[in-house]
Amino acid sequence: MVWHIWRIRIAGLFSALVMGTVLAAPAEFHGLRVEPPKVLHGGVLLDQDSRETAFPLKRDTWQLVFFGYTHCPDICPMTLHKTGMLLNELGSESARVTPVFISIDSGRDNPEALRDFLKQFEVRAVGLSGDPEALQAVANEFGVLVRRFQGKTALAYTLEHSSFLYLLDPQGRVRLLYPGTAEISGIAADLRRLWREEGAAHK
Amino acid sequence: MRALTRMRGLAVLAMLFANTAWAAGAPAGQPSTMPSAPIDPFDYSYCGGKPVYPVIGINFATACGPRNQIGLGRRGHLMWLFPPRHEGDTPVRGKQLLTEAELKRLSLLAEVVQIADPAPASPGAVIYNLGINFQGRPDKRMRTPVSDSYTPANALFQAMLKLVPDAPLLPACEGALRDFDPTLHPAERVGEPAAP
């Protein structure tokens, strides 16, 4: 009898846990919600026009941040291309988003290299580079991991790196995280949802 | 090389489950931290390299209940160990290789937990200790209650629990909700300081 009561209690608690899963599932967003939003310490880097630029950007825009390097053979060009498609998808609302490409290759990437690289994709993005310490400090806040594979000459190397996209709000806090394979339509839907929520909060 | 990688994975899992039944079987003399380089294979989300998965360890219990454990290994196996329901019974344990989609989901949730700031602590009926190790990164550890509000850690815990075919032992407890260490024996939890 006592065990029977315990079983009911256990089943109830377990059901509550599973129900919690349903309630807690972040299904309403395509990206994964960072809750509470992560406040970044950031740093000062150089943009593609060699201007000292605070990161997160001190602009009243949402920021789509990703890490890469200009010699990257695959994922970085694809991500930039994807970012351009996202801006197209957002249409007139695209001005509310600033893509930010942060180089993890302080050995080869400088503002000029970033400017040339970004030009190829015709994406309105801010490219940031800097000294190794400043870049490392920023990368560490996102848990970005970089591993170097040395080639035959000093500058012939490739870098393996994490390939997530991070959505930052205008306060510079990380709100959502996407894998590199995320669908454009999902990111656009999330942005529009966040903007609706933001608008409702200001009313 | 694969054997070395597997040993490293076991060592990390043992670290995350320190003082648990699984850790008791860990090889002696394993390093307490991951080597800084070289790391092979690479992380699961990558530009190049071979994917493996984060090691995740969770201990959870109600205030008066025994410790339950769930873990994810580097090679993508979900493992669980729940206490027996009746005295004299053997513990409920199991291991299964997850699908690519399941592993991707858990890895992404772990990634968010890794970068997220901890949610404000509060007491709860079920409390869990969570540890995550991504290769080449510092461990992430936290103790937090299960709640119906979304946090990345809650989402990860509940996603892992959903994949386990057995039910954990979570008896309801009398008294006010309080903070406690779920890895301790219930009798030793008395006097645990309240959550800040």
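This is a predicted model: local features need pLDDT of at least 70, side-chain atom pairs count only at pLDDT 80 or more; totals for chains, interfaces and linings use all residues.
1. Helix α2 (residues 100-115) of chain B packs against helix α3 (residues 152-162) of chain B at an angle of about 155°, and their axes are 8 Å apart. Since angles over 145 degrees count as roughly antiparallel, that makes α2(B) roughly antiparallel to α3(B). The crossing of α2(B) past α3(B) is left-handed.

2. Who makes that contact? On the α2(B) side look for B:R105, B:L106, B:L109, B:A110, B:V112 and B:V113. On the α3(B) side you'll find B:P152, B:A153, B:A155, B:L156, B:A159 and B:M160. By type, the residues of this contact between α2(B) and α3(B) are 11 nonpolar, one charged and no polar.

3. Now over to chain A, which has five helices and 10 strands. Of its 203 residues, 36% count as buried. If you take contacts in chain A between residues at least 6 apart in sequence, 70% of them join residues at least 24 apart.

4. Chain A has an open sheet of six strands, ordered β1-β10-β9-β4-β5-β6, with mixed pairing. At its edges stand β1 (32-39) and β6 (126-128) of chain A; each has a single partner strand, so one side of each is left without a neighbour in the sheet. On average, neighbouring strands here are turned by 25° against each other, ignoring direction.

5. Inside that order, have a look at β4 (residues 62-68) and β9 (residues 165-168) of chain A: they run antiparallel and are joined by four bridges.

Methods
Residues are numbered from 1 along each chain as its sequence is written. Chains are lettered from A and ligands numbered from 1 in the order in which they are written. Axes are lines fitted to C-alpha atoms, for helices over the stretch in contact, and angles run from 0 to 180 degrees between N-to-C directions. Helices (H or I, at least four residues) and strands (E, at least two) are DSSP runs, numbered from the N terminus. Angles under 35 degrees count as roughly parallel, over 145 as roughly antiparallel, 65 to 115 as roughly perpendicular and the rest as oblique. A crossing is left-handed if the near helix is turned anticlockwise from the far one by less than a right angle, and right-handed if clockwise. Two residues are in contact if their C-beta atoms, placed from the backbone, lie within 7 Å. Ala, Val, Leu, Ile, Met, Phe, Trp, Tyr, Cys and Pro count as nonpolar, Asp, Glu, Lys and Arg as charged, and the others, Gly among them, as polar. A residue is buried if 20 or more other C-beta atoms lie within 10 Å of its own, exposed if 12 or fewer, and partly exposed in between; C-beta atoms are placed from the backbone. Two strands pair if DSSP finds at least two bridges between them.
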